[in-house]
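Let's take a walk through this protein model together. Have a look at the fold below, then read on.

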Amino acid sequence: MADSRVLITGASGLLGRHVMQEFQQNRWITQGLAYSRAKGGLIKIDLSDKSAVEDVFKSFKPSVVVNCAAERRPDVVESDPSKYEDVNITVPLTLAELCSKYGAFLLHISSNAVFDGTSAPYRPNDKTNPLNAYGKHKLAAEEAVKKFPHCGVLRIPVLYGRLESLDESSITKLLKSVKNSGQPTEVSDYEIRFPTHCDDVALVCRQMAEYSLQHPDWSGIFHWSNEESFTKYTIAKIIAEIFNLPSDHLVGKKEPSVGANRPVNCQLDSSDLKALGFGKATPFRVGIRQELQQFV
């Protein structure tokens, strides 16, 4: 496809790595930006340095920018919200400004945490009401970028995928609780999750990018999510079953999780993108077996 040059921020992170691979494998000219884990062909850059980011725009000339950069751990953001406003709010605004200036489509990754969890499933135009600082950051970023033309927002749920460590996802981290079979281990059996494989989200990102090149006026807020629902407790039990590990020590905790206030059910309605023929859904048992095998 002509003009298929994509710039990916947060390219060393869990989602960013999958997005990089998806575009690279489909013949896009791809450049990733990272900071703390920049390696290989990634450019190390502080995204808060607008001048440095603009230099990349000038030299690389992206037709699409996918913003995967964020502090996405709710408890971390809750501990010091102002510390993470830069990466979560200011950086998306900077990217939207530069995309507008240089004629690129911005695809900004957001979260189901913009909802309060009382009226699922959520359509893109449903009322937002974030319960924690992370959700408020994501909503503020959405409000900032949607003021610019040719910007898309993709809200997603909790993710898992190919890992550098179990701690990269709250889903895969549950293997530690499963393997800790020497003592009773409490696991949340309260909030409902819709774990989605990063490959599925990466595919949607590429499809949205390609659609944006064919439809220069396209913009809006969109959702993508797997439809299988679990609690952390049921996920842990599934992991134990898949790998034939003990699970009698796991104790379901039927009350709100400690830490940042989390919505009970933020299921996202993905029908708008499905109507365009976008996406795929990796069955959870298939995906989690594949990604945890090396850690068992």
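This is a predicted model: local features need pLDDT of at least 70, side-chain atom pairs count only at pLDDT 80 or more; totals for chains, interfaces and linings use all residues.

Seven strands form an open sheet in the order β3-β2-β1-β4-β5-β6-β10, and their pairing is parallel. Which strands sit at the edges? They are β3 (43–44) and β10 (220–223), and each of these pairs on one side only.

Strand β2, residues 29–34, pairs with β3 in the parallel sense, and the pairing rests on two bridges. If you want to spot a partner pair by eye, find L33: its bridge partner in β3 is I43.

Now for some helices on the sheet. Helix α2 packs on the sheet and touches β1, β2 and β4 (64–67). Helix α4 lies across β1, β4, β5 (105–111) and β6 (151–156). Here are the two of them side by side:

| Helix | Residues | Strands touched or crossed | Angle to a strand |
|---|---|---|---|
| α2 | residues 50–60 | β1, β2, β4 | about 160° with β1 |

Next, a pair of helices. Helix α8 (residues 232–242) packs against helix α10 (residues 284–292) at an angle of about 65°, and their axes are 11 Å apart. Angles of 65 to 115 degrees count as roughly perpendicular, so that is the label for α8 relative to α10. The crossing of these two helices, α8 and α10, is right-handed.

Which residues meet there? From α8 come I235, I238, I239, E241 and I242, and from α10 come F284, R285, I288, R289 and L292. Sorted by class, the contact of α8 with α10 has seven nonpolar residues, three charged ones and no polar ones.

What about helix α1, residues 14–24? It is largely enclosed by the rest of the structure, because eight of its 11 residues are buried. The buried residues of α1 are L14, L15, G16, H18, V19, M20, E22 and F23.

Is S4 buried or exposed? Its relative accessibility is 7%, and buried means under 20%, so S4 counts as buried. Leaving out residues up to four places away in sequence, S4 touches R27, W28, I29, S63 and L213.

Note on methods
Residues are numbered from 1 along each chain as its sequence is written. Side-chain values use heavy atoms; hydrogens and water are left out. Buried means under 20% relative accessible area, exposed over 50%, partly exposed in between (1.4 Å probe, protein chains only). Contact means heavy atoms within 4.5 Å. Two strands pair if DSSP finds at least two bridges between them. Helices (H or I, at least four residues) and strands (E, at least two) are DSSP runs, numbered from the N terminus. Axes are lines fitted to C-alpha atoms, for helices over the stretch in contact, and angles run from 0 to 180 degrees between N-to-C directions. Angles under 35 degrees count as roughly parallel, over 145 as roughly antiparallel, 65 to 115 as roughly perpendicular and the rest as oblique. A crossing is left-handed if the near helix is turned anticlockwise from the far one by less than a right angle, and right-handed if clockwise. Ala, Val, Leu, Ile, Met, Phe, Trp, Tyr, Cys and Pro count as nonpolar, Asp, Glu, Lys and Arg as charged, and the others, Gly among them, as polar.
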